[in-house]
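Please examine the model shown here, which is to be discussed through a series of questions and answers.

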Amino acid sequence: MSEVSNSDTPLRTTFRIFLNGQTVSIGTVGQAYRFITSLSPVEWMEFRSLHQDAVGSLQSAAGNAMLTVQATNALRALFVRARLL
């Protein structure tokens with residue numbers, strides 16, 4: 001999984017998330033993967049299914065750049081439901 005967190009494959013959009021008074025920009029598969037896996041699983045528990053979908057989509061997109069649309073959509077669904085966007 002270290003190759004996923006190091007992936008420079010660009011997402012279809014750059015997400016700008018306001019977290020703890022700071023803006024976090026997420027524009028690549030690796031940045032997104034690090035962001036959603038660095039938080040405690042307890043923090044994502046309410047959104048477990050969406051989180052799992054996003055992680056799986058990011059893992060697939062790291063190996064195949066054509067899957068970045070699905071990964072971007074999965075992230076958007078997770079972030080909107082978690083009220084991060």
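The questions below concern this predicted model.

Q: Which helix of the protein chain has the highest confidence?
A: This is a predicted model, and the protein chain averages a pLDDT of 93, with 98% of the residues scoring at least 70. Confidence is lowest in helix H1 (residues 2-5), where the mean is 84. The highest mean, 97, belongs to H4.

Q: What pattern does the protein chain follow when read along the sequence?
A: The protein chain contains four helices and two strands. Read along the sequence, these elements give the pattern α-β-β-α-α-α.

Q: How many bridges join strand E1 to strand E2 (residues 22-28), and which residue of E2 is the bridge partner of Leu19?
A: The two strands run antiparallel, and the bridges between E1 and E2 number six. Arg16 stands opposite Ser25 in E2. For Leu19, the bridge partner in E2 is Gln22.

Q: Which residue in the hairpin of E1 and E2 takes a positive phi?
A: Two residues lie between the strands of this hairpin. A positive phi near 55 degrees is taken there by Asn20.

Q: Why does the radius of gyration of the protein chain agree with that of a compact globule?
A: The C-alpha atoms fill a box of roughly 30 × 25 × 20 Å along the principal axes. For 85 residues, a compact globule would have a radius of gyration near 12 Å. The protein chain agrees with this because its own value is 12 Å.

Q: What percentage of the accessible surface of the protein chain belongs to carbon and sulfur atoms?
A: Of the 85 residues, 39% count as buried. The accessible surface comes to about 5,200 Å². The part that belongs to carbon and sulfur atoms is 50%.

Q: How many residues does the largest nonpolar core have?
A: Those with the most contacts inside this core are Leu11, Ile36, Trp44, Leu58, Leu75 and Phe79. Strand E1 (10-19), helix H2 (29-38), helix H3 (48-63) and helix H4 (68-81) each supply at least two of its residues. Ile36, for its part, touches Trp44, His51, Ala54, Val55, Leu58, Leu75, Leu78 and Phe79, leaving aside residues up to four places away in sequence. The number of residues in the core is 23.

Q: What is the relative accessible area of Arg81?
A: Arg81 is found in helix H4. Apart from neighbours within four places in sequence, Arg81 is in contact with Phe47 and Leu50. Its C-alpha atom is separated by 19 Å from that of Arg12, 69 residues away along the chain. Arg81 is partly exposed because its relative accessible area is 49%.

Conventions: Residues numbered from 1 in each chain as written. Predicted model: local features only at pLDDT ≥ 70, side-chain atom pairs only at ≥ 80, totals over all residues. Heavy atoms only, no water. Core = buried A, V, L, I, M, F, W, Y, C linked by side-chain atoms within 4.5 Å. Buried < 20%, exposed > 50% of the residue type's maximum accessible area, 1.4 Å probe, protein only. Contact = heavy atoms within 4.5 Å. pLDDT = per-residue confidence, 0-100. Pairing = 2+ DSSP bridges. Rg over C-alpha atoms; globule rule 2.2 N^0.38 Å. Areas by Shrake-Rupley, 256 points an atom, 1.4 Å probe, with all protein chains shown as cover.
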